[in-house]
Every structure is written in structure tokens, then in C-alpha cells.
Amino acid sequence: MAVFYTIIKIFLGLWWLWLPVLLAVLFIELWVKYLRIKAIKKIKWLLLEVKVTRDIEKTPKAMEQIFSGLHGILTKVKFLDKYFKGKVQEWFSFEIAGIDGIVYFFIRTPENFRNLVEAQIHAQYPDAEILEVLDYAASLSKKIPSEAYDISGVEFILEKDDYYPIRTYLSFEEKEKERRLDTMASFLEILSKVGPNENIFIQYLIKPTGEKDWVEKGLEAINKLMGKKTEARKTLFGSFFEEINEFIINLLKAIAIYPEWGEAKKEEAKPAIQNLSPGGKVVVEAIENKISKIAFKVCIRFAYIAGKDIFNRANMAAVGGAFRQFNTLNLNAFKGNSKAGTSVDQPRIIPFIKNRREFIRKVAFVDRYINRKMSKNKKDFILNIEELATIYHYPILTVETPTMRRVEAKKAEPPVSLPVE
């Protein structure tokens, strides 16, 4: 203990050395955060409603192509842009809303990317109608939570590391169109069943990413499953000394001193994927597939809003159950982020304090939803375009949701020979 107190005393005695550094780091962090908030407020957003036809025969592969095109907004934030302009990577919000039993599809996008969004959708769904509409969520802050309305909300995170994929639409496909399953069917059925004065909102925030860390971790996991040795990441000094060591060995070999020194040992046969168990093969192939495709940072949240006299928590369980269709035991799964939801799961807490904490959480949740903020505490995760197309796409022909907003009549182009003034 005496040694510990001595170290503390010396540390405090050198406050003039470490305190300025600490304050400088803190100042830089707060300055960057201030610039980021300022830059985000300058972004002009608009909300688009997308209506599709009833006879869609395209699989979610079409939506995968849309996400692939939208990934093109990825920009590398340079040093000066980050620390002097607060530049941020823009993002999109793909949303499904069940309002009084009517189902809507929305996309919130920065105004300068409107043409890109419309072009990508029309490329895959030529008959779709895209209209600019008022933000349906704008009025939430005024009435929720209140004496008349209540809200229950959840944000999802992944159970395992990002490189483990969820179950994708390829697992649901059948060769025969009549037997083809659509992962959106359960969501649309739930949203279409809510009654008057009830609302269910599902929000998918996606931000393109070019990060490689999660890919490298995925490769390390594959090597571990296959019994291969993973090379440690080389530092600058490590690479320098390794080159010196290699130079000395080659020099000694050249002058015939210890010619066998440094000879590589015969490597033992590395296990091929065919030698893995069936379950191991599935995991390796699934990880390889995920890390091979471009990806987005994602935040998923959904909210159930209704009058207090008709508030039914079964609707929350229903939406949560719909997300479980993407879960697998050997790969990845969605789970609720306990720190970002509206509920406080502390049974021993005093009811008054619990209610107060839940009220604060609800206000914060509504703010994140209205402003389409990414996950709380940087809990956003990574999904590739195949996974995104699985959890969000326009329903195929086999899905019948009578209350879904659709294009009722197809529009034809005017004839080429039509005279013009």
C-alpha cells in the first residue's frame, strides 16, 4: 500500500505535465463533436414515399442492387475536413410505417442524393412511384409521451461479431414461384393489423462503410476454424526488425556460413474446408460470403405508439418475433439493446424512480427516431447488401397486404410520334 500511495503522490505532483495534455485531448474531442453537430444540422433532408405495383416478381436481389448503388456515396473524410469542418459521412433511412392499419414505405435522404435514390429504385422497379411527402414523425415530439399517448421502442444489435451473418433471403427462396417465401410478409401483416390510433414504425438507418477491421477479423475467424495460424499484425518497428533479420540470414547463407540456417521447415498440411464438419463448412462459407460484399453501418429501431386506453404490448412482441426469422444459432442473431430502449428492466428499483427513468428514455428515443440518429453509444453494427436486402425490400407477388400503399394503375410513356409545339 505504501508503494501505491507513493505512486499516487508522484502522479499528482506532476499534474503540470499530464493535465495540459488531458485538457487538450478533451478540448479536441468536444470541438470535433461540436463541428459534427453543426455539419449535420446543415444537411437538408427530404422524405420520399415509395409505392410499388402488385405484380412484383423480382426477388430481394433487386433491392441488393439498389443498396449497392447507394453505397457510392461513401466518402473518405480527410484530416482537415474532420477537425476544421466537422464533415461527416451522410446516411439514409429506409422506413416502414403502419399508421392506422395502412402500410407505407419511406426513404429519408439528403436532398443532394434524391436523384441517385430515384434512379436506383426506377432501375429495378420501373413502375414505382416516388413522391416527396411531409415527415410523418415530425409531430411525435409534441404528443409522445403524454397523458393520452404512450410509446414502447427497441433498438437492435447483433449477438455476435459483425463478420457473422444473419439468415438471408437465399435461405427462404424456392425454385417454384408459388412456394417462394418473402421475409417481409410477417412485417406487413403485423403493420396492417393495427387499428385506429395505433402506429408501428420500423427504421433502418444505413451508412456506407469502407472499414476493413471487421473483414480482417472475419479472415482470422476463418483461419481459426480451419486450424490455420493467423499472422500477427505487423507494426512499423516489427516490420523493420524483421527485414534486418532476413537480411542477416541471407548474408550468412550467401557466404556459406550456416547454409541451413533460416531454411523454412516443411509446413504441415493445412486442413481444407472439405475436412471440416458440416456445421463448420456452413460457418466458414457464410463468413466468407459476408466479408466479400460491400457493407453498411446499420441501426435498426422500431416503435409502437398508441393511445393509452388501447396500448397493447403484444404488438411489440409480434414485431420482435418477425425479426427472429433472421436468427440462427451457429451464425448471428438480432437482440435488443437494453441501454437504448424505452424500458427499464430493474425489478427492485423504486416505482417512482423507474417511471422517471422510463420517461427520460422515451423522450430520448423519440428524439433519435425523429432526427434519424445512429445508434446510442456507437452500437451500430455492420450488414452487407445481401443482409440489408433481406430485412428491407418491396414485397413480391405472393404477399397480399390489402392496406399497403401501391401503384394502382401503370403509367405509359407518350408515343414518340406525338406532335409538340
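Glutamate 155 forms a salt bridge with arginine 368, with 2.9 Å between the closest N and O atoms. The model is predicted. Work through the exercises with the structure open.

**Exercise 1. Find which strand holds arginine 301, which pairs with glutamate 155.**

Step 1. Take the contact. The side chains of arginine 301 and glutamate 155 meet in a salt bridge, N to O 2.8 Å.

Step 2. Assign the strands. Arginine 301 sits in β7 (residues 295-307), and glutamate 155 in β5 (residues 149-158), so this pair joins parts 146 residues apart in sequence.

Step 3. Arginine 301 and glutamate 155 are both buried.

Step 4. Glutamate 155 bridges to arginine 301 and to arginine 368.

**Exercise 2. Decide whether arginine 372 and aspartate 135 are buried, partly exposed or exposed.**

Step 1. Arginine 372 forms a salt bridge with aspartate 135, and their closest N and O atoms are 2.8 Å apart.

Step 2. Arginine 372 is in the loop between α12 (351-370) and β9 (381-384). Aspartate 135 is in the loop between β4 (129-133) and α6 (140-143). The parts tied together are 237 residues apart in sequence.

Step 3. Apply the cut-offs: under 20% is buried, over 50% is exposed. Arginine 372, at 0%, is buried. Aspartate 135, at 26%, is partly exposed.

Step 4. Widen the view. The whole structure has 15 salt bridges. Lys61, Glu64, Lys293 and Glu386 are linked in a network of them.

**Exercise 3. Describe the surroundings of asparagine 337.**

Step 1. Asparagine 337 lies in the loop between β8 (334-336) and α12.

Step 2. Check burial. Its relative accessible area is 8%, so asparagine 337 is buried.

Step 3. List contacts. Leaving aside neighbours within four places in sequence, asparagine 337 is in contact with Glu155, Ile157, Lys376 and Lys379. Glu155 is also the salt-bridge partner of arginine 368.

**Exercise 4. Characterise the largest cavity and its lining.**

Step 1. Count. The structure holds 1 cavity of 30 Å³ or more.

Step 2. Size. The largest cavity has a volume of about 50 Å³.

Step 3. Lining. It has 10 lining residues; Pro60, Tyr169, Glu173, Leu181 and Asp182 are the closest to the centre.

Step 4. Classify. The lining divides into 5 nonpolar, 2 polar and 3 charged residues.

**Exercise 5. Find which element gives the most residues to the largest nonpolar core.**

Step 1. Start from the core. It has 58 residues, of which Phe67, Phe94, Ile121, Tyr204, Phe323, Phe334 and Tyr394 touch the most other members.

Step 2. Name the contributor. β7 gives the most, with 6 residues.

Step 3. Inspect one member. Not counting residues up to four places away in sequence, tyrosine 394 touches Val50, Val52, Ile56, Met63, Phe105, Ile107, Ile121 and Tyr125.

Step 4. Look beyond. Apart from this core lies another, of 17 residues, including Ala97, Tyr104, Leu140 and Ala303.

Terms used
Residues are numbered from 1 along each chain as its sequence is written. This is a predicted model: local features need pLDDT of at least 70, side-chain atom pairs count only at pLDDT 80 or more; totals for chains, interfaces and linings use all residues. Side-chain values use heavy atoms; hydrogens and water are left out. A salt bridge is a side-chain nitrogen of Lys or Arg within 4 Å of a carboxyl oxygen of Asp or Glu. Helices (H or I, at least four residues) and strands (E, at least two) are DSSP runs, numbered from the N terminus. Buried means under 20% relative accessible area, exposed over 50%, partly exposed in between (1.4 Å probe, protein chains only). On a 1 Å grid over the protein atoms alone, a cavity is a set of points where a 1.4 Å probe fits but cannot get out, and a pocket is an open set with protein on both sides within 12 Å along at least five of seven lines; lining residues have an atom within 4 Å of a point. Grid points are joined across faces, edges and corners, and a volume is the space filled by probe spheres set on the points. Ala, Val, Leu, Ile, Met, Phe, Trp, Tyr, Cys and Pro count as nonpolar, Asp, Glu, Lys and Arg as charged, and the others, Gly among them, as polar. A nonpolar core is a set of buried Ala, Val, Leu, Ile, Met, Phe, Trp, Tyr and Cys residues joined through side-chain atoms within 4.5 Å. Contact means heavy atoms within 4.5 Å.
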